[in-house]
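Let's take a walk through a protein model together.

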Amino acid sequence: MARLSREFYARDTLAVARDLLGQRLVRLLEGERLSGRIVEVEAYVGETDRACHAACGRTARNAVMYGPPGHAYVYFIYGMHHCLNVVTADEDFPAAVLIRALEPVEGLATMRRLRQGRPDRELTSGPAKLCQALAIDRTFNGLDLCADGPLFIEAGPPVDDADVETGPRVGVRGDEAALTAPWRFFVRGNPFVSR
């Protein structure tokens, strides 16, 4: 399967978020492919989005969001969890899509080991869980997902509109618009969508 192109990411963030459903996130780890079908995402769009890390302007932490589309934005939260985002839209406009959940496809034995014996349904059913299962950490921050490397997204079968649901983002802070924007996209009925 082909990697997603820079042009895929250099579009409206909400369109990218919706179209990421069904694509395959791939991590190459010591010669092994770990992968999962993307089943849940959230969009974060610009400095006016009070839930976006760029709401406070450019900082050392969020600088990757202002860079070219198609790069990984990985941050560390609560002193223990990593989260993977994909930078979208135009360079110098801070926007990204958080990968919230995957349906595991390849490398399940390694994912089980990295997730310390969790049930398969809990391997990748959340942003921190999937980063742990695929051994993704801050060293991937700024990585070009369109170039040869250990982390990328491959084209997968598209998800039919009838199978896509939207809703407010999970656990965000901000104003009423940030709390209610229907910028979470997920595959209806998929057991790996986060709880």
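This is a predicted model: local features need pLDDT of at least 70, side-chain atom pairs count only at pLDDT 80 or more; totals for chains, interfaces and linings use all residues.

Residues are numbered from 1 along each chain as its sequence is written, and side-chain values use heavy atoms, with hydrogens and water left out.

Start with the big picture. The chain has five helices and eight strands; these are DSSP runs numbered from the N terminus, with helices being H or I of at least four residues and strands E of at least two. From the N terminus on, the order is α-α-β-β-β-β-β-α-α-β-β-α-β. The C-alpha trace spans about 40 × 35 × 35 Å along its principal axes. Of the 195 residues, 52% are buried, where buried means under 20% relative accessible area, exposed means over 50% and partly exposed lies in between (1.4 Å probe, protein chains only).

Now look inside. The largest nonpolar core has 41 residues. Such a core is a set of buried Ala, Val, Leu, Ile, Met, Phe, Trp, Tyr and Cys residues joined through side-chain atoms within 4.5 Å. Strand β2 (residues 32–45) gives the most to this core, with six residues. Ile-38 is among the residues with the most contacts inside the core. Not counting residues up to four places away in sequence, Ile-38 touches Leu-20, Leu-25, Ile-99 and Ile-153, among others; a contact means heavy atoms within 4.5 Å. Apart from this core lies another, of 16 residues, including Ala-54 and Val-87.

Next, find helix α2 (residues 13–20). Its buried residues are Thr-13, Val-16, Ala-17, Arg-18 and Leu-20, and what covers them includes α1, β2 and β5. At the start of α2, a side-chain oxygen of Asp-12 reaches to within 3.1 Å of the backbone nitrogen of Leu-14. After the helix comes Gly-22, with a positive phi near 95°.

Strand β6 is worth a look too. In a regular strand the side chains alternate between the two faces of the sheet. In β6 both faces are covered: Leu-151 and Ile-153 on one side, and Phe-152 and Glu-154 on the other, are all buried. Strands β1 and β6 run antiparallel and are joined by four bridges (two strands pair if DSSP finds at least two bridges between them). Arg-27 has Leu-151 as its bridge partner in β6.

Move on to Phe-186, in strand β8. Phe-186 is buried, with a relative accessible area of 12%. Arg-100 is 86 residues away along the chain, but its C-alpha atom is separated from that of Phe-186 by 9.0 Å.

Finally, how many disulfides does a search of the whole structure find? The search finds zero, a disulfide being a pair of cysteine sulfur atoms within 2.5 Å. Cys-83 is buried at 3% relative accessibility, whereas Cys-56 is exposed at 62%.

Conventions:
A polar contact is a pair of N or O atoms within 3.5 Å; within protein, one must be able to donate a hydrogen and the other to accept it, and residues adjacent in sequence count only if both atoms are side-chain atoms.
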